Amino acid sequence: MRPQHRLGTVPRSAAEIGVNMHVTAITMEDATFPYRLGTDCAEEIVARLGDRAASRYLVVCDTTVAALYGHDLVARLEKDAGPAVLLTHEAGEVHKDVTTVGALAEQALGAGADRRSIVVALGGGITGNIAGLLAALLFRGIALVHVPTTVVAMLDSVLSLKQAVNASFGKNLVGTFYQPAEVLADTAMLRTLPVRELRSGMGEVVKNALAIRPSMTERLAGLLRPDGRYDDDALRWIIAESVAAKADVTGADKHERRDGLVLEYGHTAGHAIEHAARGEVAHGAGVAIGMVIAAEVSHRLGHASAPFVALHRELIAKAGLEHAVPAFVGTDDVKNWLTYDNKRGYLDCEGTSTPMVLLSGPGQPLRTGGMPLVPVPLSVLNETVDALAGPGRTGADHRAAVPV
């Protein structure tokens with residue numbers, strides 16, 4: 001039975017409200033879950049959560065999203081679904097660690113969480129990973145529902161079973177694989193995003209077009225806006241195409257250890273730039289720079305053509321993103337973090353090389369033993385990082401400039 005509402009009103013089910021969200025069945029080997037996408041569908045999101053009849057809804061978000069949507073969602077759940085509690089963490093990549101997960105677990109247990117509770121991940125990719133790992137650990141696994149509020153989360157992070165947080169040695173090094181029960185995405189929540197975050201999301205969209213789904217490139221080039229202003233129709237198309245792109249490579253690879261590794265395009269250097277910037281470079285912005293670095297590396301190694309490298313720069317510029325290492329990020333730091341990339345171990349690389357996803361053309365990853373990875377000499381990678389840092393730069397940290 002659904003929990004009775006404490007104020008005495010009769011909650012409506014999703015069926016009673018009607019279907020305003022388009023549903024896509026996400027399948028990754030034996031893992032399946034629905035991805036629902038709509039616009040201005042907060043009532044349906046609450047109703048669908050209510051249909052799950054949780055003993056308690058554990059809404060996890062950062063302090064920024066709490067003010068925008070968290071308190072409202074908890075109030076709606078309390079009114080129409082059942083007991084709900086807001087669990088908040090500090091915003092920013094620097095707080096994506098096991099300490100934050102542990103603190104949230106203590107809050108959840110103190111609030112009465114049990115095996116029938118549901119973790120609702122309300123926020124971007126950082127919150128999604130933190131909440132995902134929390135759900136996987138509480139009682140050795142309770143239900144997880146994603147309600148993404150950023151472009152990156154809607155079209156990338158919630159479509160992965162990877163739930164991981166950072167360590168002092170690099171990004172996403174501590175975690176596990178855990179399946180969400182459902183994704184409920186409302187493009188209306190993107191209206192409050194800063195332009196910086198909208199642009200960041202488009203970095204992942206460009207990755208999907210270049211590495212996986214070249215068929216979306218022409219229309220995407222016409223839709224991309226440097227000012228980060230997109231209408232809901234454009235966003236729904238962009239998200240739907242990205243969902244399809246991810247499905248192309250994860251349907252038979254739920255752990256992203258074979259064909260799914262292509263989703264890491266741009267992430268080797270991108271993650272290093274993010275880490276060196278101490279959170280001042282948004283994820284998609286780092287990936288955008290990382291893709292240009294990867295394309296330049298592929299060109300230097302004789303695989304990618306100059307026009308293909310130029311296509312990277314063109315699409316990234318149309319998205320309002322930079323294609324060079326920001327002046328406030330120290331290149332020595334970037335080169336240090338390159339050696340801690342989370343793809344280490346997939347290939348038998350010597351200490352002088354690292355595995356990378358490289359493309360020879362649109363949708364054409366280079367492969368080693370069936371995997372879309374190749375060993376890249378660190379000397380070539382480091383030289384490319386230096387070349388893309390611009391003239392007159394040193395390896396020192398120059399963090400006085402405006403964040404990307």
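Helices here are DSSP runs of at least four residues, numbered from the N terminus. The model on screen is predicted.

**Stop 1: valine 287.** Select valine 287, which is found in helix H11. Is this residue buried or exposed? Valine 287 counts as buried because its relative accessible area is 0%, and the cut-off for buried is under 20%. Show its surroundings: leaving aside neighbours within four places in sequence, valine 287 is in contact with Gly203, Glu204, Tyr265, Gly266, His267 and Gly270.

**Stop 2: the nonpolar cores.** Next, select Tyr35, Met202, Leu220, Ile238 and Ile293, the residues with the most contacts inside the largest nonpolar core, which has 89 residues. Helix H11, residues 283-300, gives the largest share of this core, 10 residues. Now pick out isoleucine 238. Residues up to four places away in sequence are not counted here; beyond them, isoleucine 238 touches Leu155, Met202, Val205, Leu220, Leu223 and Tyr230. A second, separate core has 24 residues, including Met21, Val59, Leu73 and Val147.

**Stop 3: aspartate 186.** Move to strand E9, residues 182-186, where aspartate 186 lies.

**Stop 4: a hairpin.** Select strands E7 (residues 162-167) and E8 (residues 170-177), which run antiparallel and are joined by 5 bridges. The hairpin joins E7 to E8 through 2 residues. Alanine 167 has glycine 170 in E8 as its bridge partner.

**Stop 5: salt bridges.** The structure holds 28 salt bridges. Start with arginine 236 and aspartate 233, whose side chains meet at 2.3 Å, N to O. Both lie in helix H9, 3 residues apart, about one turn of the helix.

Then select arginine 367 and aspartate 259, which form a salt bridge with their closest N and O atoms 3.2 Å apart. Arginine 367 lies in the loop between strands E12 and E13 and aspartate 259 in the loop between H9 and H10, so the pair ties together parts that are 108 residues apart in sequence.

Finish with Lys162, Glu256, Glu264, Asp341 and Lys343, which are linked in a network of salt bridges.

Note on methods:
Residues numbered from 1 in each chain as written. Predicted model: local features only at pLDDT ≥ 70, side-chain atom pairs only at ≥ 80, totals over all residues. Heavy atoms only, no water. Core = buried A, V, L, I, M, F, W, Y, C linked by side-chain atoms within 4.5 Å. Buried < 20%, exposed > 50% of the residue type's maximum accessible area, 1.4 Å probe, protein only. Contact = heavy atoms within 4.5 Å. Pairing = 2+ DSSP bridges. Salt bridge = Lys/Arg side-chain N within 4 Å of Asp/Glu carboxyl O.
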